[in-house]
Amino acid sequence: MQNDIQEVLISEEEIQERIKQLGAELSAKYEGRTPLVICVLKGAFIFMADLVKVITVPVEMDFMAVSSYGAETKSSGVVKIIKDLDVPVSGRDVLIVEDIIDSGLTLSYLIELLQARGTASIEVVTLFDKPAGRTVKLEADYTGFVIPDEFIVGYGLDYAEKYRNLPYIGVLKPEIYSK
Ligand code: PRP
Ligand code: MN
Ligand code: MG
C-alpha cells in the first residue's frame with residue numbers, strides 16, 4: 001500500500017470482479033447493436049480499458065476530456081471541455097463511461113451536450129457513485145460501487161493528478177490534502 005493511503009476501500013480483485021458483471025449486463029443490453037462508448041477523460045481511462053475488454057458486442061470508442069475539479073477536492077461547478085469527441089454522435093447509441101459521479105455536474109453537462117447533438121440513446125455506466133455529494137438530480141444506469149462520503153483515489157481517480165495508477169481504491173490520508 002502506498003504511503004499516502006490510509007486504507008484500501010475496494011481491492012483490485014473486487015473491482016475486476018464487478019467490472020466483469022457490468023460487462024455482461026451491458027453486452028446483453030446492447031445485443032445486436034454497436035454502441036459508441038465514450039470515455040470521460042482523464043478519470044475513466046482505466047475503467048474504460050478494463051470494461052471494453054469484457055463487453056462482447058462490437059463497440060466503437062471515442063474520448064472526451066472534461067474537467068471540473070482542477071487541483072481541488074471539491075467540484076468548481078464549471079465544466080471545461082479540454083478535448084471534444086472526434087466522431088459525430090447523431091443517431092448513435094451512446095454509452096458514457098465515467099469513473100465516479102459526485103455532484104453530478106460533469107455528467108449532467110455532458111448528457112445535455114450530447115443530447116443536443118441528436119444521439120439516439122444515452123446510457124451511463126459509472127464505476128463509483130458517491131450519492132452524498134450530489135447537487136443535481138442524476139442517476140447512472142449502471143453503477144459499480146456506491147461509496148461513502150470520503151475523498152478516494154486510485155483506479156483512475158486523482159488528487160492533484162496523482163494516484164491514478166493505483167490498481168485499487170484507497171482513502172487518502174487527510175494530511176495530504178489539508179496541507
Ligand atoms: C472527476 C471525476 C468525474 C467528475 C465527477 O473528474 O473523474 O469526471 O470529477 O464529479 P462531479 O460529479 O462532481 O462532476 P475531474 O474533473 O477531477 O477530472 P479528471 O477526470 O481529469 O480527474
Ligand atoms: Mn473525470
Ligand atoms: Mg480529477
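1. Strand β5 (93-101) is mostly covered, with eight of its nine residues buried. A residue is called buried when 20 or more other C-beta atoms lie within 10 Å of its own, exposed when there are 12 or fewer, and partly exposed in between, the C-beta atoms being placed from the backbone. Strands (E, at least two residues) and helices (H or I, at least four) are DSSP runs, numbered from the N terminus.

2. This is a predicted model, in which local features need pLDDT of at least 70 and side-chain atom pairs count only at pLDDT 80 or more, while totals for chains, interfaces and linings use all residues. Residues are numbered from 1 along each chain as its sequence is written, and chains are lettered from A and ligands numbered from 1 in the order in which they are written. The average pLDDT (the predictor's confidence in each residue, from 0 to 100) is 94 for the chain, and 94% of the residues score at least 70. The ipTM is 0.98 and the pTM 0.95. Where pLDDT is low, the predicted coordinates should not be read in detail.

3. The chain holds four helices and nine strands, in the order β-α-β-α-β-β-β-α-β-β-β-β-α from the N terminus. Its radius of gyration, taken over C-alpha atoms, is 16 Å, close to the 16 Å that the globule rule (2.2 Å times the number of residues to the power 0.38) gives for 179 residues, so the chain is as compact as a globular protein of that length. The C-alpha trace spans about 50 × 35 × 25 Å along its principal axes. Buried residues make up 31% of the 179.

4. β5 has two parallel partners to note. With β2 (36-41) the pairing runs over four bridges, and Ile 38 stands opposite Ile 96. With β6 (121-129) there are eight bridges, and Leu 95 stands opposite Glu 123. Strands are said to pair if DSSP finds at least two bridges between them.

5. β5, helix α3 (residues 105-116) and β6 form a right-handed β-α-β unit. Right-handed here means that, with the strands pointing away from the viewer, the path from the first strand over the helix to the second runs clockwise.

6. The largest nonpolar core has 38 residues, of which Ile 38, Phe 47, Leu 95, Ile 96 and Val 97 touch the most other members. Such a core is a set of buried Ala, Val, Leu, Ile, Met, Phe, Trp, Tyr and Cys residues joined through C-beta atoms within 7 Å. Two or more residues each come from α1, β2, α2, β5, α3, β6, β8 (152-153) and β9 (169-172). β5 gives the most, with six residues.

7. In helix α2 (residues 45-53), the buried residues are Ile 46, Phe 47, Met 48 and Leu 51. Their cover includes α1 (12-29), β2, β5 and β6. Beyond its neighbours within four places in sequence, Phe 47 is in contact (C-beta atoms, placed from the backbone, within 7 Å) with Val 97, Asp 99, Leu 127, Tyr 155 and Gly 156.

8. Outside four places in sequence, the contacts of Ile 101 are Leu 107, Thr 126, Asp 129, Lys 130, Leu 138 and Ala 140. The C-alpha atoms of Ile 101 and Gly 133 are separated by 8.3 Å, with the two residues 32 apart along the chain.
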